[in-house]
Amino acid sequence: MPLLNEERHLRDAVAMILAQDYPGPLEVVLALGPSRDRTDEVAADVAAADPRVRLVPNPTGRTPDGLNAAISAASGEIIVRVDGHAEIPDDYIRVAVAELQRVDADNVGGIMDARGSTDFERAVACAMRSPIGVGSARFHTGGEPGPADTVYLGVFRRSALERVGGYDPHFARAQDWEMNHRIRESGGTVWFTPELRVTYRPRASVKALAKQYFHYGRWRRVVARHHEGTINPRYLAPPTMVVVTTAATVAGFVWAPAWAVPAAYAAGVVAGGAAISRGESARTRVATPLVLATMHWAWGVGFITSPRRLTR
């Protein structure tokens, strides 16, 4: 578990892991980044209370560095990645390990089940569970079990991680997709199963959401530069929308009919937001179109403006 500023959720997250009904031995390795809150103090308390919890330093605070440090310190043949704010069910590890062995996969993962507490967070959750917001990846929207490009978090064979050299520290974002790509390129199998469902807590503001998706788009293009042929229409849709909508908006000052393009996008976002937020509160339903637009535009702009300097 890589940790940075997770004081609020850390104690509960570790308790969920230690309460797993997995019948074998279990250890929890916490990689501590330079947090600005009381994360280190909480981690020390948790480790002092249970000998199965160990602490390792992650001076850079970067996710791939923390993951690699924790994997190096771990002793198990199976490595389970869990985030500090994730909530896993009691049977998560048992089901994942059984599936890993049943299908002879190198990595098994399930659904990133976004669930919000506030009206805005619930709007983000609606968008993150819908193809309108995030495309058709099964770890977002669900689907049949089977081989996948990537999965949420992941339960790995240690041998697979060692075979591909672990997480690439170059990738500040998209490190999961990038490593799963290398696992598949090496002949391994990444397997999705809807039986695994992890509760994910969305960003709580427009600013935080925009920053998250801007970096997603920026680093997905970096992955594309490193691994040719990995971009498909789903990834190109947001930057294409940004370019076409912006160009049509500017052209509309010269030729008014061009404004039909941004108007059509706005209408589509409003209609889509209404469709995916049925059953939610009025405030959540009002916020959902804004959330969709924020995700689309931030990802698209991040992809378009991704600087060459991020390419190794």
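Rings of Phe, Tyr and Trp (its six-membered ring) are taken to pair if their centres lie within 6.5 Å; planes under 30 degrees apart count as stacked, those over 60 as edge-to-face and the rest as tilted.

## Basis of the model

This is a predicted model, in which local features need pLDDT of at least 70, side-chain atom pairs count only at pLDDT 80 or more, and totals for chains, interfaces and linings use all residues. Residues are numbered from 1 along each chain as its sequence is written, and side-chain values use heavy atoms, with hydrogens and water left out.

## Aromatic pairs

Eight aromatic pairs are present in the structure. In one of them, the ring centres of Phe-156 and Tyr-167 lie 6.4 Å apart with their planes at 75 degrees, so the pair is edge-to-face. Phe-156 belongs to strand 7 (residues 152–157) and Tyr-167 to the loop between helix 8 (158–164) and helix 9 (175–185), so the contact ties together parts that are eleven residues apart in sequence. Helices (H or I, at least four residues) and strands (E, at least two) are DSSP runs, numbered from the N terminus. Phe-156 and Tyr-167 are both buried, a term that means under 20% relative accessible area, with exposed meaning over 50% and partly exposed in between (1.4 Å probe, protein chains only).

A stacked pair is formed by Trp-299 and Phe-303, at 5.6 Å centre to centre and 10 degrees between the planes. These two residues are four apart in helix 13 (residues 282–305) and therefore separated by about one helical turn. Trp-299 counts as buried because its relative accessibility is 11%; Phe-303 is likewise buried, with a relative accessible area of 8%. Together with Tyr-235, Trp-299 and Phe-303 form one aromatic cluster.

## Surface patches

Patches consist of residues with over 30% relative accessible area and no salt bridge, like charges being joined within 9 Å and nonpolar side chains (Val, Leu, Ile, Met, Phe, Trp, Tyr) within 5 Å. A salt bridge is a side-chain nitrogen of Lys or Arg within 4 Å of a carboxyl oxygen of Asp or Glu.

A surface patch of positive charge gathers Arg-36, Arg-173, Arg-203, Lys-207 and Lys-211. Lys-211 is located in helix 10 (residues 206–226) and counts as exposed, at 54% relative accessibility. Val-243, Val-244, Val-261 and Ile-304 make a nonpolar surface patch of about 290 Å²; of these residues, Val-243 is placed in helix 11 (residues 233–251).

## A buried strand residue

Thr-193, in strand 8 (residues 190–200), is buried, with a relative accessible area of 2%. The C-alpha atom of Thr-193 is 11 Å from that of Val-103, although 90 residues separate the two along the chain.

Definitions and conventions
Areas by Shrake-Rupley, 256 points an atom, 1.4 Å probe, with all protein chains shown as cover. Lys, Arg positive; Asp, Glu negative; His and termini not counted. Charge placed at Lys NZ, Arg CZ, Asp CG, Glu CD.
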